[in-house]
Amino acid sequence: MNGACGRRYLLETMGSGVALFDADGDGDLDLFLVDGARLPCCPATSGPATRDRYFENLGGGAFRDATERSGLGDPGYGMGVAVGDVDGDGRPDVHVANFGPDRLFRNLGEGRFEDVTGPARVGDPRWGSSAAFGDFDRDGDLDLLVANYLDFTVATHRDCTAANGIPVYCDPDAYGRVGSVLYRNAGDGTFEDATEASGVGLPGKALGVVFADLDLDGDGDLYVANDGVENFLFRNDGRGVFEEDGLVSGAALSDRGFAQAGMGVTAGDADGDGLPDLLVTNLSGETNAYYRNLGPGGFVHRSQAAGLGAPSLLDTGFGAEFADFDLDGDLDLLVANGHVLDNAERVSDVLRSRQLHRLYRNEGGLFREATAEAIPPEASEGFGRGLAVGDFDGDGLPDVVVSHCGGAPFLYRNASGGGARGVQIRLVGTRSNRDGIGARVEARVGERLLVREVVGGGSYLSHSDRTILLGLGSAPEAREVTVRWPSGAVQRLGSLPAGGLLVLREAEGAGR
Amino acid sequence: MIPLATLLLGLQDPVAPARALLEEGRFAAAASALEPLGVKEGASPDSLALLAEAWVALGLLDRAEPLLGRLSTESSPSPEALVSLAERLASAGRIGRAGVLLDSALARRPDDPVLLLAAARQRYGLGKPDQVLDFLARPGAPSGSGAEYLRGASLRSLGREAEAETALRRAVAAEPRHAPSQEELGHLLEGKGDLEGALRSFEAALAADADRPGAAGGRARLLARLGRREDADLAFVRFRVIHAFEEARKDHETSAREHPEQPGAWLALGDFLLENRQVRESLPPLRRALELAPDDARAIESLARARAALGESEESERIYGDLRRRFPDRGDLALRLAEVREERGAPEGEVARLLEESARLGCQEAALDLALGRADLRAGRPEDALRRFREATSREAGNAEAWRTLGFALESLGRKDEAERELRTALERDRSNPAPRPALIHLLEGRGRTAEAARERALYERQVLESRLRSVRR
């Protein structure tokens with residue numbers, strides 16, 4: 001639920017996230033859905049009291065509500081979710097960003113969690129949105145960046161109208177910027193607020209965040225998608241101190257030089273050159289922004305030339321992930337769409353409130369929209385917000401969950417045929433952080449070199465499974481598979497056959 | 001006074017003056033002037049189109065719709081009138097309706113180049129590049145820079161980069177100062193890795209339109225990538241100024257859009273544009289503010305300033321005269337009137353009387369000191385003039401005009417060393433204030449010290465940009 005009661009608080013239209021992760025350690029992906037709440041300013045009749053929901057995977061993609069037993073049923077007004085093993089015990093912990101105090105849940109095993117927000121000191125009361133785990137200071141444990149959205153409270157709500165006098169949700173310009181917060185993991189169950197020391201406290205209007213090595217210097221950088229103001233690219237100096245470089249790098253604005261309504265963001269090597277590119281979802285009228293990575297020097301905006309411009313012009317995109325949905329070896333793109341205005345049709349005669357979620361198939365670096373052939377029409381549109389990718393039915397193909405604002409989620413089971421197969425690699429860090437965030441996997445498939453990175457954050461308010469997937473197409477194996485860990489260790493695995501799942505533990509004696 | 005509507009109806013063709021009203025943002029005035037025509041048999045199709053446009057501009061789409069229906073079926077306005085109406089519809093969130101209107105007009109005139117180009121533009125706005133190409137391939141389609149730009153941009157969004165480059169090169173060959181084509185070509189070449197070519201295109205775009213954020217950002221990035229650090233630093237400052245201006249403008253426009261009935265929102269937008277030298281663009285919001293609050297003195301004053309800046313001194317004199325009658329105790333208004341009258345060549349005595357009146361009323365502006373000083377100079381009282389000019393610089397240290405006037409006066413009196421000393425002292429006293437520098441540059445150039453002047457000019461350029469950035473962000 002989003003708590004909407006007619007006042008059009010901006011909060012109501014921002015939606016909530018979704019996570020796919022193995023919460024109970026049984027080897028399959030469970031589902032966590034963040035939920036909004038009844039707003040205190042709305043009458044009690046505006047809907048039932050709600051809480052975040054946890055669904056246990058019973059195997060093969062059938063789920064059972066296990067919220068009560070899990071302890072994950074936070075009743076706060078939930079926005080985003082991030083998952084990471086913060087205490088290195090092999091069990092993924094859960095951070096929930098709220099409109100109100102955020103929450104951290106420590107995984108006790110067997111799908112049970114305890115709220116450790118207080119002792120961990122991560123209960124920021126501001127309007128949190130997305131969050132990303134990553135080992136920012138490379139000390140072997142996971143730190144956390146929580147993006148905050150706007151300087152908004154129910155008391156500072158403004159009534160806004162479109163040009164034709166129709167009441168609408170306000171543009172984010174109506175509210176001030178606010179800084180995000182970076183927590184450094186102290187290694188003893190607590191976190192230190194390192195926002196100032198790390199340099200990431202620049203005020204913005206952050207909605208999406210991803211942690212990935214964007215300049216290929218061996219440490220993870222942070223990219224923040226801001227709504228209506230320039231996006232940030234924080235380059236890491238290797239010690240967890242960041243310098244904002246968005247404008248200079250070319251990844252802050254549209255090619256026309258304007259800030260856009262950055263919502264979600266995903267990073268991945270979309271053009272197959274070994275460098276992580278970025279895709280930022282935006283508001284209708286803007287097109288999504290595809291920033292092609294040119295190397296350490298920066299990015300070039302290539303939405304139009306990559307085929308991602310025109311088809312997204314009327315969409316308002318939120319969650320997005322690059323993933324090899326057809327296992328042909330390149331990264332496709334799925335975007336959850338849905339306008340922020342529940343009455344968009346009254347504001348513009350070409351906009352729709354409920355929008356199509358779009359699949360873009362990668363065809364040699366040029367994306368072709370393939371929604372009609374891939375997504376059943378009866379489940380193809382809505383007020384899409386969160387989006388997470390993961391193989392929840394265990395068939396080796398990446399599936400998808402899309403959350404909707406004020407509505408039920410869609411679970412898309414990947415039914416790609418054609419006989420293509422892949423190799424899955426699940427990384428377990430030892431010297432590096434346990435989740436392997438920041439690790440790079442390289443493999444030769446035919447003549448191609450595939451490069452995949454375990455990233456932190458990504459999409460919109462959501463968490464996707466971190467298993468590395470190498471799509472092989474018709475090739476029987478991936479050759480010269482190499483893992484470069486954030487610790488600097490390098491593991492060469494030789495060939496891996498199609499169809500396999502490898503759980504790879506960082507080797508103690510691996511070379512550099 | 002004769003009512004505007006009567007005046008317009010009495011004319012042979014009311015379209016031109018009504019269009020002028022619309023362009024000035026006086027939507028209600030345009031609508032009331034044209035409305036009687038809307039119900040008349042045999043009304044000219046262009047006046048119907050214009051009336052519909054006025055309704056759309058006022059957000060009264062229900063009233064516009066019957067006219068749109070008539071224009072689609074019975075009436076055949078000029079392509080220019082239809083295109084203007086279509087653009088107004090699109091900016092009011094009715095780009096789909098604009099397409100229907102253009103399509104119906106094209107059904108009657110399938111090879112009209114103006115309509116074909118407009119229809120192509122409308123489809124581009126909907127993200128339908130294949131349809132853009134279809135319109136531009138039809139008989140009668142134009143082939144100028146605008147059409148080639150649309151063709152190039154559409155081909156690019158279909159991934160047909162080589163063809164896109166050909167089209168964009170045709171566009172810039174036809175019109176080298178077509179900034180959108182130059183910028184699009186710059187992006188294309190940058191994507192291809194032709195950094196020098198891209199830089200040339202971005203610079204050509206900026207030569208045609210210095211305020212294009214996309215080209216300014218592209219140029220700065222490329223200079224950095226090409227290792228030209230100093231040039232890149234300055235280019236980034238310039239880009240940040242443009243970017244900050246566009247962001248601030250967007251904020252003001254959003255506020256006006258979300259609160260269209262609040263005159264203050266339109267006035268803030270108009271004032272912002274005026275302060276940032278977008279004088280002509282400031283007129284429609286200022287006019288809109290005045291339509292909503294006709295007696296708002298601040299809006300009237302802003303309009304007068306805009307008129308004066310556009311060289312329309314007769315109109316600004318009239319407005320300042322009206323304001324003076326309403327606010328006889330305001331010395332600044334007397335000063336403004338004096339300035340406008342001086343500009344129009346009024347007798348010196350008349351101007352002097354207004355200046356004295358301004359001083360008597362306690363006006364504290366440097367502009368008054370300068371005007372009085374200039375009068376002193378003309379009257380052969382150089383020391384009095386210099387005293388007033390110095391007074392102006394101490395009153396408003398950031399006023400470049402004051403420093404320039406003081407520098408010129410000293411120079412023309414043969415006291416060049418004194419002028420240089422005085423200007424350098426001012427620059428040292430406040431290193432963040434660029435205002436005295438243009439006068440120093442002029443002085444150094446006059447003394448043949450061109451290398452020093454060039455160094456000062458580079459410093460000044462950067463300082464001005466940084467100061468503008470601070471001002472826009474504020």
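Is B:Arg249 buried or exposed? B:Arg249 counts as buried, at 13% relative accessibility, where buried means under 20% relative accessible area, exposed over 50%, and partly exposed in between (1.4 Å probe, protein chains only).

## Ground rules

This is a predicted model, so local features need pLDDT of at least 70 and side-chain atom pairs count only at pLDDT 80 or more, while totals for chains, interfaces and linings use all residues. Residues are numbered from 1 along each chain as its sequence is written, chains are lettered from A and ligands numbered from 1 in the order in which they are written, and side-chain values use heavy atoms, with hydrogens and water left out.

## Salt bridges within chain B

Back to B:Arg249: its partner in a salt bridge is B:Glu246, with the closest N and O atoms 3.4 Å apart. (A salt bridge here is a side-chain nitrogen of Lys or Arg within 4 Å of a carboxyl oxygen of Asp or Glu.) Both residues sit in helix α15 (residues 229–258) of chain B, three residues apart, or about one turn of the helix. Helices (H or I, at least four residues) and strands (E, at least two) are DSSP runs, numbered from the N terminus. B:Glu246 is buried too, with a relative accessible area of 10%.

B:Arg318 is partly exposed at 45%, and B:Asp322 is partly exposed at 32%.

B:Arg63 and B:Glu35 also form a salt bridge, at 2.6 Å, N to O. Over all chains, the structure holds 94 salt bridges.

## Where chains A and B meet

On to the interface: 39 residues of chain B are in contact (heavy atoms within 4.5 Å) with 43 residues of chain A. The two chains bury about 3,200 Å² between them, 50% of it on carbon and sulfur atoms. Buried area is the accessible area (1.4 Å probe) that two parts lose on being put together, summed over both.

Three salt bridges are counted between chain B and chain A. B:Glu184 and A:Arg256 meet in a salt bridge at 2.7 Å, N to O. On the side of chain B that touches chain A, α15(B) gives the most, with 11 residues. B:Glu184 and A:Arg256 also belong to a network of salt bridges whose members include A:Asp255, A:Arg302, B:Arg156 and B:Asp209.

## Nonpolar cores

A nonpolar core is a set of buried Ala, Val, Leu, Ile, Met, Phe, Trp, Tyr and Cys residues joined through side-chain atoms within 4.5 Å. The largest has 77 residues, and B:Leu71, B:Leu85 and B:Leu101 are among those with the most contacts inside it. Helix α4 (residues 45–57) of chain B supplies the largest share of this core, eight residues. Leaving aside neighbours within four places in sequence, B:Leu71 touches residues including B:Leu48, B:Ala52, B:Leu85 and B:Leu101.

Apart from that core lies another, of 52 residues, among them A:Val122, A:Phe211, A:Phe242 and A:Val481.
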